[in-house]
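Please read it beside the sequence and the structure shown here.

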Amino acid sequence: MLDVIGLSPLDLRVYGALVDSRSMTTAELADELGLSRQRLSQVLRGLAAKHLVMRAPGRPVRFTAVAPDVGLGALVLLKEQELENARLVANRFQDRHRHAVGRQASDLIEVVRGSEAIARRADQIMRSARHEVRFVDKPPYAKAPASLHPAERDLLGAGVRFRGVYDRGALELHDLYADLEAGLRLGEEARVIAEAPLKMIVADHHLALVPLHSNAPTVEIALVVHPSTLLDALGALFQNLWRHSLPLCLPGSPHTTHNALSTEDSRLLALLTTGMPDRSIAKQLGLSYRTFQRRLRELMDFLGAQTRFQAGLQAAARGWVTVPVPQPPPASRERMPAGPSA
């Protein structure tokens, strides 16, 4: 684990033995750890060079461990400084890359071919985000969705915001519990729209990934979009879709506040609001169609509703379904009336 700061498992064994005993001779250490004195001497020299052990005065020669918060802390600080220097170098090269990109129109678009290469590029693009990842999720997929993407799990843990708009058809393919609810529990913000025009990933305001063909059965060619008017347009499109989509109020979502319902009924209600077909909802919930109908009837009775429309109104009135308030588009200058044509 500490090989990142230059310590091998054997280094840690020797250092740990000295931490536990406070002071030992070479002979005592060799007996304790089952090492030859020649091998142990090599390890002790290396630890001494890293300022983790010291020779105590007197005879026989004894070794003591430097306090971990001092010795190991110094190594960690040194590694952090090295990483910061590497980050500064990377930022300088990135600035040079930004200045170079855009000199030719072809620099603004990168073509990625093959599902494996597209999946790797998507991971790289997401991990490049420092503030926010925005995405539109809809079929087809370079790889079948199976569980929460490792990049999303890592980035949410690091404080990067994730906002996703899901095409209604995508919900039928995702594992409701392993993927969507897992992301919501970690902080993902998710909304649903009846039909998304395309799928995309946008990392901050510097990179985007979109498939070349939105309606192809598989994703075999994708485009990486660098800073440009096209990237700005993709960001604006996402904002428009986000504004007109419905929050996905699955268990784990910050929008879910209905404690009066069981987890299963919360899932049922959330999927009903997406407009998914009944049989698709039953499949997602692991219910037979007949059992689903019975559960739906019980939920409507609980809400005092005779129709699904009434059930939706009752759920919204009780705060069990969050309905976004449409935001007006940015004000534009009033157009001047056209003058008479010549």
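## Serine 245 and its polar contacts

The side chain of serine 245 comes to 3.1 Å from the backbone oxygen of tryptophan 242, and it also reaches the backbone oxygen of leucine 241, at 3.0 Å. A polar contact is a pair of N or O atoms within 3.5 Å; within protein, one must be able to donate a hydrogen and the other to accept it, and residues adjacent in sequence count only if both atoms are side-chain atoms. Serine 245 lies in the loop between helix 9 (229-243) and strand 11 (246-247), where helices (H or I, at least four residues) and strands (E, at least two) are DSSP runs, numbered from the N terminus. Its relative accessibility is 2%, so serine 245 counts as buried (buried means under 20% relative accessible area, exposed over 50%, partly exposed in between, with a 1.4 Å probe and protein chains only).

## Basis of the model

The model is predicted, so local features need pLDDT of at least 70 and side-chain atom pairs count only at pLDDT 80 or more, while totals for chains, interfaces and linings use all residues. Residues are numbered from 1 along each chain as its sequence is written, and side-chain values use heavy atoms, with hydrogens and water left out.

## Helix 3 and its partners

The axes of helix 1 (residues 9-21) and helix 3 come within 10 Å and cross at roughly 80 degrees, and the two helices are therefore roughly perpendicular (65 to 115 degrees). Leu10, Asp11, Val14, Tyr15 and Leu18 of helix 1 meet Arg39, Leu40, Val43, Leu44 and Leu47 of helix 3, with contact meaning heavy atoms within 4.5 Å.

Helix 2 (residues 26-33) and helix 3 (residues 37-49) also have axes that come within 10 Å, crossing at roughly 110 degrees, and this pair is therefore roughly perpendicular as well. Here Thr26, Ala27, Leu29 and Ala30 of helix 2 meet Arg37, Leu40, Ser41 and Leu44 of helix 3.

Helix 10 (residues 263-274) has twelve residues and reaches 17 Å from its first C-alpha to its last, close to the 16 Å expected at 1.5 Å a residue. Its buried residues include Asp265, Arg267, Leu268 and Leu271, and the helix is followed by glycine 275, whose phi is positive, near 85 degrees.

Glutamine 293 belongs to helix 12 (residues 289-303) and, at 39% relative accessibility, counts as partly exposed. Glutamine 293 and alanine 282 are eleven residues apart in sequence and 8.6 Å apart in space, C-alpha to C-alpha.

Conventions:
Axes are lines fitted to C-alpha atoms, for helices over the stretch in contact, and angles run from 0 to 180 degrees between N-to-C directions. Angles under 35 degrees count as roughly parallel, over 145 as roughly antiparallel, 65 to 115 as roughly perpendicular and the rest as oblique. The expected span of a helix is 1.5 Å times one less than its number of residues.
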